[in-house]
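Hello,

Here is the structure we talked about handing over. My notes on the sheet and the salt bridges follow it.

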Amino acid sequence: MKTKALYAGSFDPLTLGHLDIIERAANLFDQVVIGVVVNLEKKTMFTFEERMEMIKEATAHLENVTVDMCDGLLADFVNKNKFNVVVRGLRGMSDFDSEQQMAQLHRYLYENNTETVFLMADSKYAFISSTMAKQVISLGGRGENLVPPCVLEKMKGRLNK
Ligand code: ADP
């Protein structure tokens, strides 16, 4: 059976932590789709199109990875596209509670025996979040160890306007 995995998130913006999870998922599964969430309640730094573009550029080296729009209820998207696996990254106990709750809820909502699979964050990236990267870079801190080069360039361009 070919394994088709979804890695969904807001990616506002994509960080090196996200990219590490994507590269590892691409080694594990036949096909990985990055689902970029469109309708976010929170205000984003980057538009949906910008987030999508940056992810495409940062993952261009991964042949089995594609980027798609994830709209509405995640479970509907998962069921409609028949994903076998939904990948999540775990940075530590702060992620654990909410991720456990979501995974348990999704067991009731997923059809086709879809499983949530957790990949433990690499210790090099476990401290990184999109929010923290935005704060550091907007205050002039170094971003090379936080986000991929194409994201850093875009963020710096935005801040210099
Ligand atoms: P959300 O809006 O769902 O929080 P994010 O874009 O922040 O989406 O994250 C998507 C997924 O990536 C989540 O499973 C999250 O735990 C994981 N993740 C976020 N940052 C990291 C990181 N630094 N290392 C590993 N996984 C991460």
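Six bridges join strand E4 (residues 85-90) to E5, and the two run parallel. Within that pairing, Gly89 has Leu119 of E5 as its bridge partner. Helices (H or I, at least four residues) and strands (E, at least two) are DSSP runs numbered from the N terminus, and two strands pair if DSSP finds at least two bridges between them.

This is a predicted model: local features need pLDDT of at least 70, side-chain atom pairs count only at pLDDT 80 or more, and totals for chains, interfaces and linings use all residues. Residues are numbered from 1 along each chain as its sequence is written, and side-chain values use heavy atoms, with hydrogens and water left out.

The open sheet has five strands in the order E3-E2-E1-E4-E5, with parallel pairing. Strands E3 (65-70) and E5 (115-120) are at the edges with a single partner strand each, so one side of each has no neighbour in the sheet.

The whole structure has nine salt bridges (a side-chain nitrogen of Lys or Arg within 4 Å of a carboxyl oxygen of Asp or Glu). One of them pairs Glu50 with Lys154 at 4.0 Å, N to O. Glu50 lies in helix H2 (residues 48-58) and Lys154 in helix H6 (residues 149-159), so the pair ties together parts 104 residues apart in sequence. Glu50 is buried at 19% relative accessible area, whereas Lys154 is partly exposed at 35% (buried is under 20%, exposed over 50%, partly exposed in between; 1.4 Å probe, protein chains only).

Regards
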